[in-house]
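Work through the exercises below with the sequence and the coordinates at hand. Each task is followed by a solution in steps.

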Amino acid sequence: MTRKHEINWSRKSHNYTKEELTDLVDFLNTTDSFTQDVQKEKFEKEFSEYTDNPNCFAVSSCTSALELTAALMNIQKGDEIIAPAHTFCATVMPYLRFGAIIKWADIDMDTRVISAETIRPLITPKTKAIVLVHLYGLMCDMDPIMELAREHGIKVVEDNAQSLGATYKGKKCGTFGDYACYSFHTQKNITTLGEGGILSVKNDDEAKRVSGLMHNGLALYPQREEYWIPAMSDVQLDPKGVIPYNFCLSEPQCFLGRKVLKRIENLNQTRIERAEYLKTELKDYPELVFQKIPSDEYKHVYHLLPAMFDGSKFGKNRDDLIRLLFNEYGIQAIVQYYPLYRYPLFKDLGLGEANCPNTDNYFDNMISFPFYVWASKEEFDYEINSIKEAIDRLRG
């Protein structure tokens, strides 16, 4: 095949429309504030309505949202958190800062997310929370996980960084657990100028703490006779013992978030159609096994498009495929989510031991193909045909 394109691993999930950019410039020229104002309030309200989630707070990242859940749960040194090792490191970093011990849950080999079966053996009297990740755009099997959590009185945090718009039995991601965390990072299904996130908190009393906790402890005084006395705002410590953060999302980011949220369903539909097209085109290549959708009760929104590659019949592995695609076809496929317990950082923290054979097997054989909605049809077809030709060459 003649190389027609260079298809790199893009760090941008979508483009903004001309109308969105024009409106943003108008907003920048007319707004009275660039932070903590009307756009934030509207974005939180509209996001809450879209996700069917209460108490939504716009924050600087999904990691910030996860950090706030650790504070709200009053995580203490020695508390145990169950989480997958097949995820980005930010999923567990906040809990480490509070002194928690991470217990690594294995993934299901078909769905590549954790399950009640892989969580159950890790539960002890010290277990404080389950942090689950709806990875690649596919939700975990939530009913048995929630049943298990209720049985043991354990909190559930949903990391929805990759799954905005995904559903399970008709309910959107983030509506099952005690906390829901979302990401608007540059590579996610929608982005607010490269960074951003949302935290949703089920418990109304806990939710009252979030505004101050995420913004330097600032809180409004009760109604008073003179608006400037004793000061414009109060600073409070709530919850006790946790120094507040500055996790604010700017007004321009919230403005764009509102705009792009209106077309999240269209963006996701493009992802779904492209993913299904690629998988259909590669159906005669059983060496590639994609993430399994358990039933039509799941809606997969394909944040990414990874597969497991098995070339053992012809003495090849995924590195051979990645190398060939890159060197001969200009396609930059990658590997993702090195099992966290293999990193020096986690080993240094005493978290280098795990019983996760599926996690190890999957990572050692996985390949993630470039996948984004703004690529042209010609580029996407070139990528698919290149994958076919590369595997044919590896087959010999």
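Two strands count as paired if DSSP finds at least two bridges between them. The model is predicted.

**Exercise 1.** Give the strand order of the open sheet and identify its edge strands.

Solution. Step 1: seven strands make up the open sheet, and their order is 1-9-8-5-4-2-3, with mixed pairing. Step 2: strand 1 (56-59) and strand 3 (101-105) each pair on one side only, so by the pairing criterion they are the edge strands. Step 3: on average, and ignoring direction, neighbouring strands of this sheet are turned by 20 degrees against each other.

**Exercise 2.** Describe how strand 8 and strand 9 are joined, and what lies across them.

Solution. Step 1: strand 8 (residues 179-183) and strand 9 (residues 197-201) run antiparallel and are joined by five bridges. Step 2: Cys-181 is opposite Leu-199 in strand 9. Step 3: helix 2 (residues 38-51) lies across strand 1, strand 8 and strand 9, at about 125 degrees to strand 1.

**Exercise 3.** Classify Leu-72 and Trp-228 as buried, partly exposed or exposed.

Solution. Step 1: Leu-72, in helix 3 (residues 62-72), has a relative accessible area of 5%; buried means under 20%, so Leu-72 is buried. Step 2: not counting residues up to four places away in sequence, Leu-72 touches Tyr-179, Leu-199, Val-201, Glu-206, Arg-209, Val-210 and Leu-213. Step 3: Trp-228 sits in the loop between strand 10 (218-219) and strand 11 (234-235). Its relative accessibility is 44%, so Trp-228 counts as partly exposed.

Methods. Residues are numbered from 1 along each chain as its sequence is written. This is a predicted model: local features need pLDDT of at least 70, side-chain atom pairs count only at pLDDT 80 or more; totals for chains, interfaces and linings use all residues. Side-chain values use heavy atoms; hydrogens and water are left out. Helices (H or I, at least four residues) and strands (E, at least two) are DSSP runs, numbered from the N terminus. Axes are lines fitted to C-alpha atoms, for helices over the stretch in contact, and angles run from 0 to 180 degrees between N-to-C directions. Contact means heavy atoms within 4.5 Å. Buried means under 20% relative accessible area, exposed over 50%, partly exposed in between (1.4 Å probe, protein chains only).
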